Amino acid sequence: MQIKRFLPLLVFFLFCEAVYSQAKIEGKILDKESKPIEAATVSVKGKAQGSITDRKGRYVLEVPAEEEIEIVITHISFQPQSFKLTLKEGEILEKDVQLLPTDVNIPEVEIQEEKDRDNTMETLDPKDIKQMPNPSGNFETAIKTLPGVVSNNELSSQYNVRGGSFDENLVYVNDIQIYRPFLIRSGNQEGLSFINPDLVENIEFSAGGFSSRYGDKMSSVLAVKYKEPKEFGGSVNASLLGASMHLEGTGLDKRLTHITGVRYRTNQYILSSLDTDGDYQPVFADIQTYLTYDLSEKWQIGFLGNYARNKYEFIPETRETDFGTIQQALRLTIYFEGQEVTDYETYFGSIINTYKPNDRLSLKLITSAYRSYETETFDILGQYFIDELERDLSSSNFGDVAFNRGVGSYLNHARNYFQASVFNAQLRGKLLMDNGNYEWGASFQHEEIEDELSEWDLIDSAGYSVPQPPQTPGQDPVRPIELTLFNAAKASNSVSSSRVMGYAQRSFRWLDEGENRYTFTAGVRANYWNLNEETVVSPRANISYEPNWKRDWLFRFSTGFYYQPAFYREMRDFNGNLNTNINAQRSIHYVLGADYNFTAWGRPFKFVGEAYYKDMDNIIPYELDNVRIRYYAENSAKAYAVGADFKVNGEFVKGVDSWINIGFLKIEEDIDNDAYFDYYNSDGEKIVPGFTYNSTPVDSTLREPGYIPRPTDQRVNISLFFQDYLPKNPSYKMNITLHYGSGMPFGPPSNERYKDTLRIPDYIRVDLGLSKQLYGYKEKKTSGPLQHFEAIWLGVDVFNLLQRNNTLSYLWVTDVTNRQYAVPNYLTSRQINVRLLLEF
């Protein structure tokens, strides 16, 4: 009777013990390359507890406490692994586990290695860019080493992809679209780009043929994920070009993660190597933070915030540039008065809600706000002299001025003010299936633009700013004679508009009877803009085939419609007038690719090749000057791009990755209504009326230019990133970046694109980085000041190792005979930078 009386109570206490005597284990499941493994099963042997890893490889598992248990990790594509442990009640153990691959291939599971191969997205390891020599200090320097990416300006973060303009590239940080400044006209002014390299965890990039989940641009997508740290850490980086610092860590029992970065940059040292001498005062700074907090096991809320101030002040003094040929060596000398002040101030904030009701479904609600204030003011007076140099090698005055060919002056004026506000709310979802997944999303975006434009150039050379002819009889004799300015624009514009966007896509994976693997992804995007009441629909598809061969080959084909509805920049013409009826540009992509994993010298390598064709219409023509794009603001062209990109990457040196790319491109456009007349005199000679002897035209012929090269038509592009170290002392490291690009088109200053038949000289740039790990490569100290550091690096960078005068653009001047000269605007020369990196 006593036992029966206490039996319910005993059962109750045993139940409570079973319920409350719990512990927790959490961490990541990774492959041998430390990449996350999705859909791995983590369970307790012999018990019902279990968990499935998410796309970041994370798992959380509640386990019994105060007893020895065995944890088992399984994945259909990896060898199972297990370990035993005993945890105390309430204890939380963090444990990351690496799995080794297996030869078994079954279609029901999404495999991380294949995910990287079966579409056009390429993954870049952030560790590879940490020691990369970087004149601009921007994250995009690493992107410029990827296939299909072109940049001929080391001072700028902007890049072209397969013939597209800067404005055709999508940039996402944590699924939030990032915008570039509007008023910038040179890399000197640009400052820091949004992405802070110290905060980056994952990088994906596609040069074309990307899926429907990425937005409405015609060329490329860069998707960056910021870190969610698991422990305290940080870094300090200082050099002759500025400094940066970041801190990261966790709190509140690891439910809170935080990472914050501060950057300060000044390019004064680099700019001092330009041809134009003066007082350069660039000050670029920003602060950025990313916070996450787990409200529950299923719900996480995050905040991404950024404040940036990029201010550039410049008082030019003199410029001296030698140009021409051996037969005619020339020198341009300019004396300046005035100054330039540009200021870009941006605010950005976003709240990210992530809800995962189960291991297969993930939902995101993202709201963001972006605000930009930009000002550009300058008054620059330049008085120039064109001199011919003595070219007689036997003369004691060789290289000195022989005689003057012309003098002139110009005055550049601007008072430009720009404000932009962008508010966005979006919902994204992803559902994992046994044979693929579903993805969908919808967003609403509202934009407010205020633009005050007032700029003009006054040039006294013939053919530019000249007084109007005298008044004809009968006109008011007191009417003043007007002076026609060159490149005069004055406007005041205000635009308020909204967009509604959405996408849906489905992916499938399967094996056939011969164990050949297939992946198929199809989706569609839609975009509505209320300013022109246009709706565009973009279907896209990708299929990959991995044959069951002895050699590891994979083939893929991507196609789709890529519409790009105009933002404010495309609507504004050369004079500042707006065309609100402009339609979305369209590009149809056809991308055929293959990659091959192989082993050479006992080390892993990968070859990737892609051939592409882009058929474009409703194109808005533009002219490019430095990094400033000036649009015609009308859908008046059609275009095409054809080319191929090839990449080989791997361990050319054991233990470190390097890669080399080579690309070929041809991109041309046919602009409507660009026909012109050739005029001939009585002798049958081609003339320019008013500027040529015997210049009275007696005959003319209508010319149709047809397809002409676009401003980004760079036929050959080669880039290389190579790393090495001393075999007997790997703390000494070296890396080198090389860029070669054939010349891009240019022509005299005018709005007539068919005249751009000349080519800028080839761009060749080599940057060298040398570094020594002073601390951290051997056993770390357990006492003293160094115990708090993980690593200390000292580095030396040599920018423009070959001391090549790369040409960015041209300044056009005229001599006394009305002959025009294109004077090259050279980029930076060889410079040496010293930097110190502390990691803790």
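This is a predicted model: local features need pLDDT of at least 70, side-chain atom pairs count only at pLDDT 80 or more; totals for chains, interfaces and linings use all residues.

Residues are numbered from 1 along each chain as its sequence is written, and side-chain values use heavy atoms, with hydrogens and water left out.

**Stop 1: a four-strand sheet**

Select S3, S2, S5 and S6: they make an open sheet in the order S3-S2-S5-S6, with antiparallel pairing. A strand here is a DSSP run of E with at least two residues, numbered from the N terminus, and two strands pair if DSSP finds at least two bridges between them. Strand S3 (50–52) and strand S6 (78–86) are at the edges with a single partner strand each, so one side of each has no neighbour in the sheet. On average, neighbouring strands of this sheet are turned by 15° against each other, direction ignored; the axes behind that angle are lines fitted to C-alpha atoms, and angles run from 0 to 180 degrees between N-to-C directions.

Now keep S5 (residues 68–75) and S6 on screen: 7 bridges pair them in the antiparallel sense. Click Ile73, whose bridge partner in S6 is Gln81.

**Stop 2: a five-strand sheet**

Next, pick the open sheet with the order S9-S14-S15-S12-S13, where the pairing is mixed. Its edge strands are S9 (122–124) and S13 (176–177), each pairing on one side only. S12 (residues 169–173) runs antiparallel to S13, joined by 2 bridges. Which residue of S13 is the bridge partner of Tyr172? That's Gln177.

**Stop 3: S18, S19 and S20**

Select S18 (residues 256–265) and S19 (residues 276–294), which are antiparallel and share 10 bridges. Ile259 has Tyr290 in S19 as its bridge partner. The link between S19 and S20 is a hairpin of 4 residues. Look for Asp279, opposite Ile315 in S20.

**Stop 4: a nonpolar patch**

Switch to a surface view and colour the nonpolar patch that includes Phe508, Trp510, Tyr590 and Leu592, with about 750 Å² of accessible area for the whole patch. Strands S25 (486–511) and S29 (585–600) are the elements that give two or more residues to it. Patch residues have over 30% relative accessible area and no salt bridge, with nonpolar side chains joined within 5 Å and like charges within 9 Å. A salt bridge is a side-chain nitrogen of Lys or Arg within 4 Å of a carboxyl oxygen of Asp or Glu. Areas come from the Shrake-Rupley method with a 1.4 Å probe.

Finish on Tyr590, found in S29. Tyr590 counts as partly exposed, at 36% relative accessibility (buried is under 20%, exposed over 50%, partly exposed in between).

Terms used:
Buried means under 20% relative accessible area, exposed over 50%, partly exposed in between (1.4 Å probe, protein chains only).
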